There are 4 protein chains.
Amino acid sequence: MVGGGQGAFIGGVHRIAARLDGQYALVAGALSSDPTRAAASAAELGLARSYDDYRQMAAREARRKDGIQAVAIVTPNHMHAGPAIEFLKRGIHVICDKPLTATMAEAKRLAKVAEASKALFILTHNYTGYPLIRQARAMIAAGDLGALRLVQVEYAQDWLTEAVASKQADWRTDPSRSGLGGALGDIGTHAWNLAAFVTGMEPEALAADLSSFVPGRALDDNAHVMLRYPGGAKGMLWASQVAPGNENGLRLRVYGAKGGLEWEQENPNRLWFTPFGQPKRLLTRNGAGALPEAQRVSRVPPGHPEGYLEGFANIYTEAAQAIRAHEAGDARPEGVLFPGLSDGLSGMRFVAACVQSAKRNAAWVAP
Amino acid sequence: MVGGGQGAFIGGVHRIAARLDGQYALVAGALSSDPTRAAASAAELGLARSYDDYRQMAAREARRKDGIQAVAIVTPNHMHAGPAIEFLKRGIHVICDKPLTATMAEAKRLAKVAEASKALFILTHNYTGYPLIRQARAMIAAGDLGALRLVQVEYAQDWLTEAVASKQADWRTDPSRSGLGGALGDIGTHAWNLAAFVTGMEPEALAADLSSFVPGRALDDNAHVMLRYPGGAKGMLWASQVAPGNENGLRLRVYGAKGGLEWEQENPNRLWFTPFGQPKRLLTRNGAGALPEAQRVSRVPPGHPEGYLEGFANIYTEAAQAIRAHEAGDARPEGVLFPGLSDGLSGMRFVAACVQSAKRNAAWVAP
Amino acid sequence: MVGGGQGAFIGGVHRIAARLDGQYALVAGALSSDPTRAAASAAELGLARSYDDYRQMAAREARRKDGIQAVAIVTPNHMHAGPAIEFLKRGIHVICDKPLTATMAEAKRLAKVAEASKALFILTHNYTGYPLIRQARAMIAAGDLGALRLVQVEYAQDWLTEAVASKQADWRTDPSRSGLGGALGDIGTHAWNLAAFVTGMEPEALAADLSSFVPGRALDDNAHVMLRYPGGAKGMLWASQVAPGNENGLRLRVYGAKGGLEWEQENPNRLWFTPFGQPKRLLTRNGAGALPEAQRVSRVPPGHPEGYLEGFANIYTEAAQAIRAHEAGDARPEGVLFPGLSDGLSGMRFVAACVQSAKRNAAWVAP
Amino acid sequence: MVGGGQGAFIGGVHRIAARLDGQYALVAGALSSDPTRAAASAAELGLARSYDDYRQMAAREARRKDGIQAVAIVTPNHMHAGPAIEFLKRGIHVICDKPLTATMAEAKRLAKVAEASKALFILTHNYTGYPLIRQARAMIAAGDLGALRLVQVEYAQDWLTEAVASKQADWRTDPSRSGLGGALGDIGTHAWNLAAFVTGMEPEALAADLSSFVPGRALDDNAHVMLRYPGGAKGMLWASQVAPGNENGLRLRVYGAKGGLEWEQENPNRLWFTPFGQPKRLLTRNGAGALPEAQRVSRVPPGHPEGYLEGFANIYTEAAQAIRAHEAGDARPEGVLFPGLSDGLSGMRFVAACVQSAKRNAAWVAP
C-alpha cells in the first residue's frame, strides 16, 4: 500500500476491502510521505516491510522473489500518477483510488505507461461493486427499460457546508493536490462513472455550472451539469458538498421507453423497477428476481444488508480473480468486472469538460 | 364555472375544492364549448343556470342581482384568457387554472384587464396550498436555512411515456391549445411556482434543454433546466412526463448556509428539516413544531393525512376570505395567501424563456 | 347533527366529510348539550334550525315535511345510544360515530331499535373508506393471499403519553363517558374493525393484557391482544396512546399461504403486495392494478394523495347512495359498503372481551 | 472452526466476520461431521490443519504450542454443547453460534463447564453488534426515554412459507437438531436478546401462542408472545417464518415516559428518536448525535452503509479485545460488549417458557 498512514481515511477502507474475502495479504507499504509517520503506521499495522517512499518500495519489491503482486495507491489525487507509473513499469498490478490523477497531463502519462505495462490497472470506483448496481446494469443491457431516454444522477453531501480545517477537507479543496475539480473530482466522478457503468453509455456533450459557495474556497463545492447522450438520451448530474441533510446521497434514476430503475446508495440493498404501466417492484439484493450478475458479488441472503465495505471489497475480489487469471495466462473469468484506465480517463475528461464549460458560461462541451 | 363538463378532469377537482370548506355554492356554468354537452353537464350537476358559452354567461350573470360573485375557469390553456377577461371586465372575481394562458400575447392582454379590474384574480397553483409548503416558506423567510444556496425542484410523471390518445393527453400535447410548452406548461410551471413560493426568490437566468421523446409529439415531454438566482444561489428544475414509475413526483429541496428542507408532494404531510450539523427532523403537518402559517390551512390532527384536494381547497378558501374582505372594503386578513396574476406572468415567462433558451442550444436567458 | 359544537373535534370532520361530494346539506342541529353553546355553534355554522337537545330535535324534525332525512351523531360515546334511538324510532337514518355506545347494555337497546327501524344505521369506522383498504379486502376475497394465516394490526398514538387536561382527553379517559375501554374503545375498535373488514373474518378468541401507564388514569392507555381465528389463523392487535413518535399509526399486515399485504394509514395511498416468491409490489391508489372496488371510492389520479377526509367522505357518500336506494325501494347499488350495526356490536364485544380477559390475567375469551 | 463446511451458510459469515478487522487467522477446523467433506472443505479454504471431528481437534490443538486460541462453533443447535464443552475444558475460548444449545439439559451442562473454565464464552447474537443498537442501549441507559413502558419487537421472515427441503430448512424444522423451538429458537431468540440488550431488562412473565402453519412441520413457524417486565413495562414479541414479503424483518420499538426509539435491521444505519412532544429525529450511524458507544464499533462515515457482516464482525472484534485482555490478565477494555453465557441461558429459558406457555393455552410463565 502507498498512502493510508495514520490520520488517513480511505486507506483503512481499502485494507478492509482487501481483507474481507481473504484474497489479499498486506505485507509492505510506503504509508506516508513523512518517513517517521510511515514507519509508525507500518508498525501499528504489523507490516513486514515499510518503505520511506514509493520509489524505494517499487524498486525493492520488484527485486524480491516474494515481492508484492499488487499495490494499492490511496494517496491524495496529485499523488496517484507517480506511484502508479513506478509500479506499473515494474509489472506490479495497481489498484488505485479515484479520480485517476489530479491533472490531465498526469493522466496521459499514466495511461501511456499502463497501456504498455503487462500489469493490470484497477480504479476503485467502488459504487460499481454494489450487487444491485450490477443488477441494474444487466437489466438495462437486457433491454428491460427499452431505449434509454433519461439519466438523473446525483451525489449530494453536506460536510463542506461550512469552511472546515481537517486533513480530509484540506487536500480536497486545494487545487494543487486535488486538481481542477473539488466536488467534481471527489464525488462528481463517482456519479459520472456510476451512470456510465449502469447505462453502458457516455454523454457526448455536457453543460456545467459550477459554484464555490463557501467564501475562500478555491474549488467548486457544487456542480450542476446537463448531459446529452448519443442517440438523443438526456441527463442531469448534480454533485454537491454543501447540501445540509445529505450524507452520501448518491442516487441514480434511469428511464427508458419501457420502464424505469431507481437506486440510492444509502440503502443499497433495494432497487426499484417499474415496467411502464405496471406497479413498481422492489428488487432486493439476492431476493426474488436477482440476476446472476448481482448474485455473484453478494455474500448473504436478502434482508441481511450488505454495505459500502462489501461493495468496495467486490472491486478488490474481482481484481484478484482477474489478476490470477492474468498471471496464469488465462482469459478473465466470465462476469468479472472492475473499473480501470478507460473509466479513469473518462472521469478526467468529465472534470475537464465541466471546468471548461463553466468557464464558457455553461456552453456545451464534449467530454 | 367555465369548462369542467363531462369527460374533463380538473373541473371536478375545482368543484370539490370549492365545496370542501363550505365557502362556495356552484350555481351557474358554461361547462363546455359544445352547448349540448354544456347543458347535459349542468343538468348532471344540478346547476340552476347553464349557458351556451362564457360570453353569454358573463353578460347575463353580471346583470343579475343574484349573479355569481366569482367564476372558476377550468378550460384548456388557450381558453383561459377569453373568459377571464370577460368576467374581470364585469367585476366578477376569477379563479383560473394554471398556466395563466397559452400565449404570452394573451397573458399580456389578460394582465392589462386584471390590473384595471376591481375584481380579484386567483391562479390555482394548488401545491402552494399544502400546509407544509406554507411551513417551509415561513421557515425560510425566518432565516432557518440561512442564506439560500441551492434549489433542486422536479416534477416527474410517466403518463405520457407512450403516445396516448385521450381528452386529457390530446390538448396537453397540442401547441394550439396548450401553448409553447408541453410538460413545461403543464407541470414545469407548478415546479417553477412552488420553488418561487417557498424560497421567496425567482431566477434571473435559466438554461433549458427540451426534449420530445415520443415520436410525433409536437411539444416537449421532458425539460432539463439550470437556474441562477440573484445573489448567487443556483438551482436545477426537471419536469418530465416520460419517467416510468413517477406518478406526480413533485419534489422540492432547498439548501442554505445553515440548513436544508426536503418535501415530496406524494406524501405531503412530511417535511424534512436539517439544521446543519444536527440530526434530520421530520416535521409533520400540525405536529410538533408546526408554525401558525401551516396550522391555519390544516384541518385535522397530525397523523391523519390531508391530501391534494385539501391543498387545492386551501386556495379556494383563502380566495374566499380575500374576496369577502375585498368586497367589504377591508384589508386582506393576515396570512391569507394565494397565487395570482404575477405568478401567472412569471410562469409564462418561464415557459417562454425555456423555449427560447432551448432554441439557442441552452443559452442563458432571463425569464 | 347532534354534538359537534364549538370546541369539538370530530364534528367538524363529519361536516367536511358530508360536504365533500355534495351529497348532504346541513340544515338542523342540536350541537351541544349546553343550549347556549348549541345556539352559538348553530349560528356560526349558519344552520337553519337549532335545537336545545336531541329529543326536541328528533320530535320536531320528524314532524316537518322538510325534516332531515339523516342525522349525524358525533357526541362522546355515552351519548350515542340516546339520540340514535330517538331518531331511528322516527325513521330518520342515523350516521353515528364509533364506538357504538359506551356500555353493552346501551348497545343492546340500540340494536333492538335499529333492527326494528325502517331507517338505516351507519357507523363511521372511517378507515374502511380508504380506497386501498377496499383494494386489500377485494384482493383477499379473491384469494390473492391464499388461506389467511396471520393478522398483525396496530393503532399507536402518543398524545396521552402524559396526563393531559383537554376536552378531547377528558372524556376519553373517563369511564362514565367513554365506557369500559380507553385506548381500546377509542382506537382499538378501529383496529379491530379494520382487520375484520379487510380479512372478512373475526377472531373466535382473544387474550388481552391492558395497562394504564399514566398515574391516575382510570382507563387503559395501552392494550396488547392476541387473536385466534376460526380455521387456525392467528393475530396480534396493539392499541396504544402512549407510544411517543406515533401520531395515528394504524397499520395492518395480513399474511396468507400465497402472499402478504401491508398498509399504513399515515400514507394511505400505498399498499404493499408480495406474492410469495416474487418481488414486493407497490400498489398505489388508482394506479396500475387498481381494482374497481378501490377506483369507485377514489376521486383523483394516482400520485395525487387522498387522505383522511376523503376516506371519511366515502362512508358518507356510500351511505347517501344506500339511503337513496333504500328510500326508492331499490336494492343497494352494487359495491356500496359501509360499517353498520353488526360492526358496532362487534366492537362492543371486542372491548368487553378484552376487559374481561384482562381481569382474568389474559385468559382466552370469546368476543 | 467447528462446522461450516461445504453447503453450510453461517460458517461463511463467521469467517468473514472474523477476518474483517484482521483480528483472527483461521488455521484449523473440523468443518463437517463427515470426514471426507471436512477434508475437502478445509482444502478449499486452505486450512493448515483439518480434523475428522471436534474431539480430535480439541485434544490435539490443546497440545500444540501454536494451537488455536479460540474456536468458532457454527454447527446446528444440537451440536453446540458437545464441542463447546470440549474446548472450554481445555481453556480454549469459544465463539458459538446461537441459540446456546438444542436442549435445556445441554445448556446446563455447558453452563457448568463454562463457569469453571478459564476461557471465555462468546455467543454470536450478532444484531447486538450494530452501532445504532449500541446507541439505543446507551440512550436508554442514560434515561433519554424516561421510565420504559413498552417493548415491541418482531422478527419476521418468509422463507418457510411453504414446505422446503434444503440443508438450511431441514435442521431448523427438525426437533432432534433444532431443539424445542422452530422460529422461536432460530429468530425468536434474536428478538428476545435484542430487546434485552437494548432495554437492559428481561420480562418476568410471558404468554405465548405458537403455530405451525405448514402441514407436517414439527416445530413452530410462528410465535405470538406477550411480555411483562418487572416494574410494569409490557411488551409484544412476534417471530415468524411464514410472513410473505419479509426477508429479515427484525424491528425494535421501545417507548418510555419521555420518548421513543425505533429501529429496523434491514436498514440498520438509521435510528428514529422522538423526545415526546418534539419532532422525530433521524439518527444515523456515525452522524450528528452519535454516541461514543456507537462510534467505537463503526468503521466508515455516515451515509456509507455498514451492514450485517460489519455488525457480526463487531462481535468478533470485541471478543478479540476481551480475549487479549483476559490472556494478559488485564481488565476488559472499557466499552467492550458481547453476548455470552447468561444471554444464551436466557434465550433457552425464553424458548422453554414459550413452549410451556403454549402447551398451557398461553398461560403466563416465568422465563
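Predicted model: local features only at pLDDT ≥ 70, side-chain atom pairs only at ≥ 80, totals over all residues.
The relation between chain B and chain A is taken up first. Two copies of a chain are related by a rotation about an axis and a shift along it. Chain B is superposed on chain A by a rotation of 180° with 0.0 Å of shift along the axis, at an RMSD of 0.0 Å. That is the relation of a two-fold axis. Within chain B, the C-alpha nearest this axis belongs to B:Ala363, at 3.6 Å from the axis. Of the interface residues of chain B, 100% are also interface residues in chain A, so the copies meet through the same surface.

The size of an interface is often given as the accessible area lost when the parts come together. Between chain B and chain A the buried area is about 3700 Å², and carbon and sulfur atoms give 57% of this area. The contact draws 45 residues from chain B and 45 residues from chain A. Six salt bridges are counted between chain B and chain A. In one salt bridge, the side chain of B:Arg228 meets that of A:Asp209, with an N to O distance of 2.9 Å. Polar contacts link 26 residue pairs between chain B and chain A, with both residues of each pair at pLDDT 80 or more.

On the side of chain B that touches chain A, the elements giving two or more residues are strand 6 (148–156), strand 7 (205–211), strand 8 (222–228), strand 9 (234–240), strand 10 (249–256) and strand 11 (259–264) of chain B. Strand 9 of chain B gives the most to this side, with six residues. Sorted by class, the side of chain B that touches chain A holds 19 nonpolar, 15 polar and 11 charged residues.

The pairing of chain A with chain D was examined in the same terms. The same surface serves both copies here, since 100% of the contact residues of chain A recur in chain D. In this interface, 29 residues of chain A are in contact with 29 residues of chain D. About 2300 Å² is buried between chain A and chain D, and 59% of that area lies on carbon and sulfur atoms. A:Glu247, A:His304 and A:Pro305 together supply 25% of the area that chain A buries against chain D, more than any other three residues.

Polar contacts join 15 residue pairs between chain A and chain D, both residues of each pair being at pLDDT 80 or more. Helix 1 (10–20) and helix 11 (308–327) of chain A each supply at least two residues of the side of chain A that touches chain D. Helix 1 of chain A gives the most to this side, with four residues. By class, the residues of the side of chain A that touches chain D divide into 14 nonpolar, nine polar and six charged.

Backbone geometry was considered next. Most residues other than glycine have a negative phi, and most peptide bonds are trans. In chain A, the peptide bond from A:Lys98 to A:Pro99 is cis, with omega near -10°. A:Pro99 is placed in the loop between strand 4 (93–96) and helix 5 (104–116) of chain A. In chain D, the peptide bond from D:Lys98 to D:Pro99 is likewise cis, with omega near -10°. D:Pro99 is found in the loop between strand 4 (93–96) and helix 5 (104–116) of chain D.

Positive phi values occur at A:Ala362, where phi is near 65°, and at C:Asn286, where phi is near 70°. Neither residue is a glycine. A:Ala362 lies in the segment after helix 12 (341–359) of chain A. A:Ala362 counts as buried because its relative accessibility is 4%, under the 20% cut-off. C:Asn286 sits in the loop between strand 13 (280–284) and helix 10 (292–295) of chain C. With a relative accessible area of 22%, C:Asn286 is partly exposed.

How values were computed:
Residues numbered from 1 in each chain as written. Chains lettered and ligands numbered in written order. Heavy atoms only, no water. Contact = heavy atoms within 4.5 Å. Buried area = accessible area lost by both parts, 1.4 Å probe. Salt bridge = Lys/Arg side-chain N within 4 Å of Asp/Glu carboxyl O. Polar contact = N/O pair within 3.5 Å; in protein donor to acceptor, adjacent residues only side chain to side chain. Nonpolar A, V, L, I, M, F, W, Y, C, P; charged D, E, K, R; others polar. Buried < 20%, exposed > 50% of the residue type's maximum accessible area, 1.4 Å probe, protein only. Least-squares fit on C-alpha atoms with pLDDT ≥ 70 in both.
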